[in-house]
Structures are given as structure tokens and as C-alpha cells.
Amino acid sequence: MGKALEGVRVLDMTHVQSGPSVTQLLAWLGADVVKLEAPGGDITRRQLRDVPGVDSLYFTMLNCNKRSITLNMKSQRGKELFAELVRSSDILVENFGPGAVDRMGFPWERLRELNPRLIYASIKGFGPGRYAKFKAYEVIAQAMGGSMTTTGFADGPPLATGAQIGDSGTGIHAVAGILAALYQRESSGRGQRVQVAMQHAVLNLCRVKLRDQQRLAHGPLKEYPNRTFGDEVPRSGNASGGGQPGWAVRCAPGGPNDYIYVIVQPVGWKPLSGLIGRPELAEDPEWATPEARLPKLDKMFQLIEEWSIRHDKWTVLDRLNAENIPCGPILSTRELAEDESLREEGIVVAVEHPERGQFLTVGSPLQLSDSPVDVRTPPLLGEHNQEIYAALGVSAGELAELKTNGVI
Ligand code: CAO
């Protein structure tokens with residue numbers, strides 16, 4: 001079967017996480033992704049290494065299904081070869097610090113001159129305003145995009161979330177922009193510039209918190225567990241913060257991940273009150289309606305916890321689901337890695353790597369009926385130098401010379 005992006009060529013100058021997450025998804029959608037690295041390689045090949053001398057999991061989990069070439073962009077021959085690669089690519093993706101590609105001698109004007117059909121996508125920390133020149137990492141984007149201020153408990157410090165919303169979250173936004181540009185090129189015949197800022201992407205994901213910021217002007221946020229409100233949205237612990245109240249309640253035997261997140265929809269209260277052994281609360285006017293429960297959500301979840309703490313989270317999951325009550329046990333990373341259902345669904349995937357052996361990765365969350373994904377091992381550094389440069393007309397002799405001179 002073919003692939004959605006078959007025939008699309010991506011020149012991938014990305015590194016660390018945000019950029020590689022973009023090109024890995026494009027590769028899974030069927031694009032031919034050529035990762036261009038400095039001769040020393042993407043820094044993440046060496047970061048957080050678990051096996052000495054072998055590409056780290058940081059790298060292997062973000063660079064599947066790509067080919068790898070090395071090229072020193074600061075050498076004259078490197079710039080010439082790069083220009084050739086740009087001519088034969090549909091998409092260029094990069095996430096260097098601000099201005100790095102311009103300093104290499106390839107501002108957008110030059111790139112579009114080389115290839116008017118090129119889609120040139122960049123991820124930066126920030127948009128073109130006052131923060132434009134700043135570098136950014138995951139948690140910086142969380143700090144400046146509305147996530148840290150709203151994560152945690154009211155009496156504690158702002159917290160980082162484990163979900164990589166600044167890096168991979170931005171990456172997914174960039175994929176959307178790139179695919180739209182590819183589609184527009186069908187009618188315009190022209191490529192275009194796609195720019196995504198990590199701060200913008202995180203703020204987009206924190207959209208509901210900006211909603212609540214405006215609601216504050218009209219009084220307290222009643223569905224928040226907080227007792228007092230100032231003029232900023234407070235951190236609200238594990239509250240859902242949405243129209244249906246939710247909380248993480250403890251389960252047996254009380255370990256760090258023995259919790260289940262429970263949402264109490266209006267229809268859920270009757271079966272829930274029966275499950276927790278308090279059937280009378282279904283009819284009690286003090287408890288029967290969502291409005292009656294709203295001022296005492298903490299008490300409500302305490303009642304639920306008095307029941308849940310007597311059972312393990314899997315039993316609680318079954319019992320709640322039997323009553324159609326939305327809930328989710330807190331799954332540890334070990335439980336996720338071992339989850340048979342996730343393996344069968346192809347989202348937790350075992351991949352064979354030539355140097356490290358088998359490793360686990362997260363497969364593609366995008367499932368297309370006519371474009372199946374097969375996750376393939378990431379490339380070793382420069383693994384495809386020979387085939388890619390030969391296709392550009394570089395002879396075997398010159399290739400050896402380029403290697404000796406540090407151009408590749
Ligand atoms: N050949 C020669 N030089 C190369 C090269 C190549 N193939 N690829 C990169 N380089 C050079 C760049 O030209 C740049 O040199 P100059 O600064 O002299 O122009 C240099 O490598 C460093 O690039 P950088 O600024 O991207 O790297 P850094 O380690 O200093 O910063 C990061 C890393 C992530 C902070 C920065 O890239 C950034 O802000 N990126 C945008 C935001 C982003 O994606 N962050 C995600 C981080 S993951 O948590």
C-alpha cells in the first residue's frame with residue numbers, strides 16, 4: 001500500500017526534540033526524510049546515554065524512519081551541497097536558535113530563490129516580538145505559555161508537566177502548518193514559509209485557562225476547588241476545571257500511582273452514590289443536583305475516595321465503567337510500557353536497532369486507513385552519505401576527500 005506523503009522529500013535540519021518530532025511524523029506519513037547533521041551529529045545522539053557508545057534513546061525515539069547525512073554548513077563545499085539538496089527537496093525543517101540558518105548564508109529569500117516550491121518550516125521559542133532573539137527549551141515554553149502558572153496546587157510553586165507540550169506539542173502544530181502549505185502549493189505552485197513558536201503552541205494548548213482569566217471578571221470560578229480568587233487564574237490541583245467536575249482519588253494499596261481520575265457527570269451521580277454505598281444521596285436535595293454539589297466538590301470526592309481506597313485502581317476502573325462513569329487510572333510509565341493493548345494498537349512499539357538491540361518507542365498516534373505506518377529504526381550518523389551525495393553527482397573520490405576535510 002502507498003503512503004500519504006509518498007514522493008515528498010524533506011530536508012531535516014532539526015535537532016533535540018521539537019524539530020525531530022515534526023520530521024518523524026512526516027516520515028511516518030510516508031515522506032522521504034533526510035536528516036542533515038553537523039559532522040558531530042545531533043547533540044541528542046550523545047545526551048542521556050544509557051548504553052555507552054550507542055545513540056541514546058532520546059535520539060532513537062525521535063528519529064525513526066529517516067535517512068542521515070552529515071554536512072558542515074560552515075564550509076564552502078558544504079554550502080554548495082546544501083544548495084543542491086534544497087533544490088531537490090519539497091520541505092526544509094529546522095529548529096536552530098534564532099538566526100542560525102541566516103548566518104549559514106541561507107535566509108528565506110535565498111532559499112526560495114534556490115527552490116520556489118520549497119516549504120520552509122522553522123520552530124523557534126518565540127514569535128517575532130520582544131522575545132524573538134531568545135533560545136528556548138521545553139519548560140521555558142511551559143513557563144511562558146500559560147502552562148506552569150496553571151499547573152500545581154494553589155499553595156505550591158508553579159509546576160512543569162511531564163507532557164512535552166513545548167517540544168512535541170509545538171511539533172504537531174508545525175506538522176499541521178507544513179501539510180497545509182503542501183496543499184496550498186497544489187493550487188499556487190509556490191512554497192511558503194511556515195513558522196511556529198513554542199510559546200504560541202503552549203498558549204494554544206492553554207486556551208481554556210485564558211477563557212477562565214476572562215471569566216474571573218464576572219466572579220469566582222465555581223468549578224475550581226479554590227476558596228479565594230484574585231485577579232489571575234489560580235492553580236487548581238487536579239480539578240478538571242471544565243463543565244464536569246473531576247479529581248484524582250486514591251486507591252488501594254496507596255502507592256504513588258494508585259489513583260484514579262473520576263469525572264462526575266450529572267447522570268453519573270445516581271449510580272456513583274450506589275457504588276460508594278451512599279444510595280440515599282441520589283435523592284437528597286443537598287446532593288442530588290450538580291448545582292447542590294458544586295460548593296462541596298471536595299467533600300464529594302472525599303466520599304468517593306472513602307470507597308475507592310478500599311479497592312485497587314483496576315477494580316475501581318471496572319466498577320465505574322460498568323456504570324458508564326468516565327474515569328482513568330493513573331498509569332505509571334512501567335504500566336504503559338507493558339500494556340498489551342497499547343502494543344496491539346501499535347502505539348507502544350519495539351524496534352530493532354543495529355547497535356543497541358531492541359528498544360521501545362511510541363508509534364504514530366495518527367492512524368490513516370490508506371497510509372499504514374511501519375516504524376523503522378533510526379539512522380546511524382551519516383549512514384546515507386554515500387547514497388545521497390552520489391545522487392547529487394559526488395564521486396567516491398570526492399566523498400572520501402569531504403570526509404577527510406571535515407565537510408561531511
Ligand atoms: N554545520 C555547521 N554548523 C552547524 C550545523 C551544521 N550542519 N548545524 C548547526 N550548526 C551550528 C549553527 O550554525 C549554530 O552556529 P552559530 O550560532 O555560530 O550560528 C550552532 O550550531 C548552534 O545552533 P543552536 O543555536 O541551534 O544550538 P544551541 O545548542 O546553542 O541551542 C536550542 C539549542 C535548542 C536552545 C536552540 O536551537 C533553540 O532555541 N532552538 C529553537 C527552539 C527549540 O526548538 N527548542 C527545542 C529544544 S528541545 O527542549
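Helices and strands are named here from DSSP runs, numbered from the N terminus. With that settled, I turn to the structure above, which is a predicted model.

I begin with the backbone. Proline 253 lies in the loop that links β7 (246-250) with β8 (259-263). The peptide bond leading from alanine 252 into this proline is cis, with omega near 0°.

Two further loop residues deserve attention. Leucine 48 is not a glycine, yet its phi is positive, at about 55°. Leucine 48 sits in the loop between β2 (32-37) and α2 (57-60), and because its relative accessible area is 70%, it counts as exposed. Asparagine 324 likewise has a positive phi, near 60°. Its place is the loop between α13 (313-322) and β9 (327-329), and its relative accessibility of 64% makes it exposed. As background, most residues other than glycine have a negative phi, and most peptide bonds are trans.

The largest nonpolar core has 33 residues, of which Val10, Val22, Leu26 and Ile91 touch the most other members. Among the elements giving two or more residues to this core are α1 (18-28), α7 (168-188) and β10 (348-353). Beyond its neighbours within four places in sequence, leucine 26 contacts Leu5, Val10, Ala31, Val33, Val175, Ile178 and Leu179. A second, separate core holds 30 residues, including Met13, Ile69, Phe96 and Leu118.

Finally, the surface. Tyr137, Ile140 and Met144 make up a nonpolar patch there, with about 290 Å² of accessible area together. Methionine 144 belongs to helix α6 (residues 138-144) and is partly exposed, at a relative accessible area of 31%.

Key
Residues are numbered from 1 along each chain as its sequence is written. This is a predicted model: local features need pLDDT of at least 70, side-chain atom pairs count only at pLDDT 80 or more; totals for chains, interfaces and linings use all residues. Side-chain values use heavy atoms; hydrogens and water are left out. A nonpolar core is a set of buried Ala, Val, Leu, Ile, Met, Phe, Trp, Tyr and Cys residues joined through side-chain atoms within 4.5 Å. Buried means under 20% relative accessible area, exposed over 50%, partly exposed in between (1.4 Å probe, protein chains only). Helices (H or I, at least four residues) and strands (E, at least two) are DSSP runs, numbered from the N terminus. Contact means heavy atoms within 4.5 Å. Patches are made of residues with over 30% relative accessible area and no salt bridge: like charges are joined within 9 Å, nonpolar side chains (Val, Leu, Ile, Met, Phe, Trp, Tyr) within 5 Å. Accessible areas come from the Shrake-Rupley method with a 1.4 Å probe; for residues, only the protein chains shown count as cover. A salt bridge is a side-chain nitrogen of Lys or Arg within 4 Å of a carboxyl oxygen of Asp or Glu.
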